[in-house]
Amino acid sequence: MFKYALKQIAAGIVTVFFIATATFTAMHAVPGDPLSKGKAIAPEVRKNLEAKYGLDQPVTKQYTMFLTNMVKGDFGISFTQANRSVNDIIREHFPISAILGLFAIAVAAAGGILWGSLTALYRNKWPDKLIMLAVIFGVSVPSFVVAALMQLGVTALNKHFGLQLFAVAGWGGLTHAVLPAVALGLSTMSFLTRLMRSSMLEVVNADYIRTAKAKGVSSTGIFFSHQLRNAILPVITVLGPAIAAITTGGFVVESVFAIPGLGRYFVQAVQQLDYTVIMGLTVFYGAYLVAMVILVDIVYGLIDPRIKVGKASG
Amino acid sequence: MTHLTGKNRLFGVFATCFGSIFLVSGCTTEPPKPDTVTIAMLAEPPDLNATKATDSESFFILGHVMEGLTRAGSDGKPSPAVAESWEITDAGATFTLRSNAQWSDGKPVTAHDFVYAWRTVVDPKNASEYAFILFPIKNAEKIVSKKAPVDSLGVLALDARTLKVTFEKPCGYFLSLTSFATYFPVREDFHQLHGERYGAEANTLLYNGPFRLTQWVHGASLKLEKNPTYWNASIVKLNAIQIPYITPDLSAQLNLYKDGKIDLVSLGKNTLKTAMQERFKMKKYSDGTVFYLEFNFAEGRITRNKNLRKSIQYVLDGEEFVGRVISIPGTLVGTSVIPTWIAGKNGLFREDYPIQSVKPNLALAKHHLAEAMKELGLKTPPTLVWLTGDSPGASKEAEYFQNLLSSKLGITLKIDKQIFKQRLAKMSAGEFDVVSAGWGPDYNDPMTFADLKTSWNENNRGRWKNAQYDELIRKAQSTTKNTVRMDSMAAAEKILLEELPILPLYERSVIYTQSDWLANVGRRAVGFDPDLTTATTRDETAKN
């Protein structure tokens, strides 16, 4: 098990190195220039700026400089926010995206597992049909539409009742997190519902369920200790990447709800060609995603005793 | 039966979970505080170090928390601020600072703070992008290009309250520059203490303006509170300006306004419709920006042909374009690169030097096109590469011209839609025939627009070159005599209108709505906007 984990981590480091190199190459291949603004910069000022950011060096030198600093854990200073380091940006804004993401994952996982189980238990009856209809909506409507609709709805609701049920936008307490978490988690929830449904359907008719029933175990007992435990495995497999995607991918939702998360900085950095922020955040996101996948592999082994990762891979 | 109860229990657990979230979140209402204005910002200020700031968000905050030698009123005219009086000659300027101008720690603002700030701006190590705005000061340009030492800058503190500026050459609009953020003072000891972190947080900046920044949570919120040490504190009626929301999403901003969370919101094309349905009271102002088509004059480009440019000018119906494509009330049809609102000799520049607007004339347009084709040796009407941005508005505009030019003149447009940075790269590299561009003012003088097409201006992307025009602008830039300056700029403008290196399209107007009880908010084209310095809130009962 330990050896397996070590191997996975080594592979992960190589992956992150490739991500960094590919991003660096692609970024420098894109036409455009991180220093350009709507108003042209005087050539002599430009020279001073290039010197400051090391852009006057050849690209190969810039690359080695970047790698050396990356190993030291320093991603440099943002081009657009000249007195903030990329590390500061990650440290201050990632936790917000992560908290929002965890809320969204909680909503998605709880909803997905519960709705999925219910559809399987009520197969082809009205709750199943109703929920599956909602799932189609959840999968096909993108999160920014859901976010905008929810915001409009809440504005109308607040106006109608004359009180503040949920905050329209902003970041602070629980009232601020509910709407964006639902908007962000909805498509994952729908996806998980479908997964859970099919997985549960397999389990519901299994022999050992019949045995349990025959032994007189209560339906709740069967649900929790037999059906759920067996049906949840595929859900956990997709949950890892889903967690990474949700905790990092909430840009539009963050923008609509004015949440100071990291996603906004990433998209702005790409638009502004903010080299240091693009590199820093891509490497950070890449490492994060890789870590999540490794974690899921390990957790999988813990939940399902049949999978002995250490022995299987030697 | 047992099955059903089990499932019902599940339903019950679920309902309780969601219900409790609803209950927990259902009980927070904040009453609006008196003498406080709450607004949202489109983006976070990237940098509150005044020596480096370049964007309108930073200028907005800096304008409220700092103050230069002068302060621009809502008419754009400079009025005394840290300087109580001044004397300007062809050789330079002398400013006398008021004795009661203070930093937020109680120490006086001195002439040395200005010397230190301006030297920092031009210091090559600081790499300030707006260093060019100090170029009227002696040696500034040389220092930036490392051809002179930093302390050779033409600014001296004769004593704590007297600041002497030497000009590179006579500068007729220097006074209007002194209200600009890049000219704000910086105190040496404080700046050195914080180094690179100066202006990065609320507590790494020293204030001398009407407000202090008391809270800054990056990406999330800012709070400005009245500055008790401000020399003119009695004009400030607000206790605080709250900025709890930062989002570029105008629909989200309008929703916040509808929900009573913010007091002021600008309206875009889409949110304008919603605001009209809600019957909000709307106001408008000109943000000073002029939009135009810029033609490429690089070797081999067909847009060098004057008849071709004239044919595009005559086929364009400005009224129709503004009404159908821009469709924001208050937008003015563009007549020149120098906008109608800017001050001239006594009144407005445009009133001093009126120009004839060009009426659309299809016959003339066709005539010029035929001439152009003859001169260029073309058998069929040409194809033009039309560089534009990726916003819905930019697309609509490009498609309007595509349809107009092909249906009326048979000219084909190849629309090259690019995101911001790529568009800039293509503009600088000259990879276009026509580019749709705009220009906003840096200071309150026609020169901020008039010198755009000089051969030495980096913003002259079309690389148009005209010796006579260059000469007139040079003349206007080397005198403080107002009549000579204005006459020269008007003559230069005439050349622009005749030679048509750019084709003016429109002067932008911004529509906004604000809470009924909010008054005296300054909206303007030059300097920071909106100006809440003297804003007032009427009594609380009017709020509800």
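A polar contact is a pair of N or O atoms within 3.5 Å; within protein, one must be able to donate a hydrogen and the other to accept it, and residues adjacent in sequence count only if both atoms are side-chain atoms. This is a predicted model: local features need pLDDT of at least 70, side-chain atom pairs count only at pLDDT 80 or more, and totals for chains, interfaces and linings use all residues. Residues are numbered from 1 along each chain as its sequence is written, chains are lettered from A and ligands numbered from 1 in the order written, and side-chain values use heavy atoms, without hydrogens and water.

**View 1. Domain 1 of chain B meets domain 2 of chain B.** An automatic or database assignment sets the bounds: domain 1 (67–200) and domain 2 (288–508). Their C-alpha centres lie 34 Å apart. In contact (heavy atoms within 4.5 Å) are 16 residues of domain 1 and ten of domain 2. Three residue pairs make polar contacts between them, both residues at pLDDT 80 or more.

**View 2. Ser78(A) sits in a loop of chain A.** The loop runs between helix H3 (59–71) and helix H4 (86–121); helices are DSSP runs (H or I, at least four residues) and strands likewise (E, at least two), numbered from the N terminus. Ser78(A) counts as buried because its relative accessibility is 1%; buried means under 20% relative accessible area, exposed over 50%, partly exposed in between (1.4 Å probe, protein chains only). Its side chain makes a 2.8 Å polar contact with that of Asp274(A).

**View 3. Strand S1 (residues 36–41) of chain B is mostly covered.** Six of its six residues are buried. One side carries Thr36(B), Thr38(B) and Ala40(B).
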